[in-house]
Amino acid sequence: MTRTRTRGAVDCRRIYEDASPSDGVRVLVDRVWPRGMRKENAHVDEWLKDVAPSTELRRWYGHEPSRFPEFRRRYLAELREPDRRRAAEHLRDLAGHGGLTLLTATRDIGHSQAAVLAEWLAEGQ
């Protein structure tokens with residue numbers, strides 16, 4: 001199981017993994033629906049597209065770990081945009097009411113927007 005635990009009640013997991021009773025609210029934070037995943041099998045409580053990185057940033061990043069520091073910087077800047085900020089604040093509200101699991105299709109969760117979001121939530125930015 002690929003799982004990243006952050007401070008507080010926020011977890012990051014791949015959507016392809018089985019749901020767990022300890023997941024709490026499960027929120028998909030990808031802009032596009034994960035390839036090959038049927039919605040009825042995903043066990044997603046919410047799909048929050050507005051919190052995902054822009055298409056331009058996602059394409060530039062290409063999940064290249066060497067670009068992650070710059071991706072993180074640019075993504076945190078995007079989270080200050082009104083629509084993304086509202087979506088991120090919604091995640092903060094969900095986390096404040098119990099467990100929250102951020103779901104992504106990304107293989108390398110530690111270098112994903114889910115990891116950046118979990119850190120952002122933990123730091124209370």
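Contact here means heavy atoms within 4.5 Å. This is a predicted model: local features need pLDDT of at least 70, side-chain atom pairs count only at pLDDT 80 or more, and totals for chains, interfaces and linings use all residues. Residues are numbered from 1 along each chain as its sequence is written, and side-chain values use heavy atoms, with hydrogens and water left out.

Start with Val-51. Setting aside neighbours within four places in sequence, Val-51 is in contact with Val-29, Tyr-75, Leu-79, Arg-84, Ala-87, Ala-88, Leu-91 and Leu-117.

Val-51 also belongs to the largest nonpolar core, which has 27 residues. A nonpolar core is a set of buried Ala, Val, Leu, Ile, Met, Phe, Trp, Tyr and Cys residues joined through side-chain atoms within 4.5 Å. Buried means under 20% relative accessible area (1.4 Å probe, protein chains only). Val-51, Leu-91, Leu-100 and Leu-102 touch the most other members.

H5 supplies the largest share, six residues. A second, separate core of five residues includes Ile-15, Met-37, Ala-42 and Leu-103.

H4 and H5 also meet each other. Arg-85, Ala-88, Glu-89, Leu-91 and Arg-92 in H4 meet Leu-117, Trp-120 and Leu-121 in H5.

Key:
Buried means under 20% relative accessible area, exposed over 50%, partly exposed in between (1.4 Å probe, protein chains only). Helices (H or I, at least four residues) and strands (E, at least two) are DSSP runs, numbered from the N terminus.
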